[in-house]
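Thanks for coming, everyone. Let me put the structure up, and then we'll go through a few spots.

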Amino acid sequence: MTTNEKYQRVIAYFEQAMPVAETELHYGNNFQLLVAVMLSAQCTDKRVNMVTPALFEAMPTPEVMASATEEDVLRYISSVSYPNSKAAHLVQAANMLVERFGGTVPSTMEELVSLPGVGRKTANVVLAVAYGEPRMAVDTHVFRVSHRIGLVTSAAKTPLAVEQQLTRHIPASIIPKAHHWLILHGRYTCKALRPLCMECGLQGFCKFVTIKNRF
């Protein structure tokens, strides 16, 4: 099977099995999306969704968050991973949004990664979800699933390398959706420790299943 044929089969499978695929983070506007994605780093979406309603009610805009202290923000997000650094980054990012971008979440990679606490993955999520750009954010789920089902080569040892290989073969029009396909498949089926291989429609050409069956 060629690489293009494998991608076609994977895309066809997900189009049928998961016709609707979108972020599980709860948000009401682009600022809230940015905050939620920043909080989700090394943390579950479920946990983030538990803390953001109160946070967004108290600090609904960049202007309000920029006027808050790190301690103010920390009170709302103390149960997420790395709360102290995230509180600092949120206040700093809110200040930059107000001072440099007029309170608007920027729409370019260069501008987004200039915000404290925003790396390439976070920026890609915002660009894909908020602005519909063909961006593939590579988190631990996307990285794992892409390797297991053979969408990327063993040479793709970094998130950027995985991103580049995936975007080379997935049509631009569905890249944002494909990002969620891979995340959700990794979150609920192709789990890190106990993957539900017998429930997976991709096991026919999955490297992980092949390796398991050798033992």
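First, a term: buried means under 20% relative accessible area, exposed means over 50%, and partly exposed is in between, with a 1.4 Å probe and protein chains only. This is a predicted model, where local features need pLDDT of at least 70, side-chain atom pairs count only at pLDDT 80 or more, and totals for chains, interfaces and linings use all residues. Residues are numbered from 1 along each chain as its sequence is written, and side-chain values use heavy atoms, leaving out hydrogens and water.

Start with H185. H185 sits in helix α11, residues 175–188. Helices are DSSP runs of H or I, at least four residues, numbered from the N terminus. With a relative accessible area of 4%, H185 is buried. What does H185 touch? Leaving aside residues up to four places away in sequence, H185 touches F14, M18, V145, C190, C200 and L202. Contact here means heavy atoms within 4.5 Å.

Now C190, one of those contacts. C190 is buried too, at 7% relative accessibility. For C190, the nearest cysteine sulfur belongs to C206, 5.8 Å away. Another cysteine, C43, is buried at 18%.

Last, a helix contact. E70, V73, L74 and I77 in α5 meet P83, N84, K86, A87, A88, L90, V91 and Q92 in α6. By class, that contact has eight nonpolar residues (Ala, Val, Leu, Ile, Met, Phe, Trp, Tyr, Cys and Pro), two charged (Asp, Glu, Lys and Arg) and two polar (the others, Gly among them).

Terms used:
A disulfide is a pair of cysteine sulfur atoms within 2.5 Å. Helices (H or I, at least four residues) and strands (E, at least two) are DSSP runs, numbered from the N terminus.
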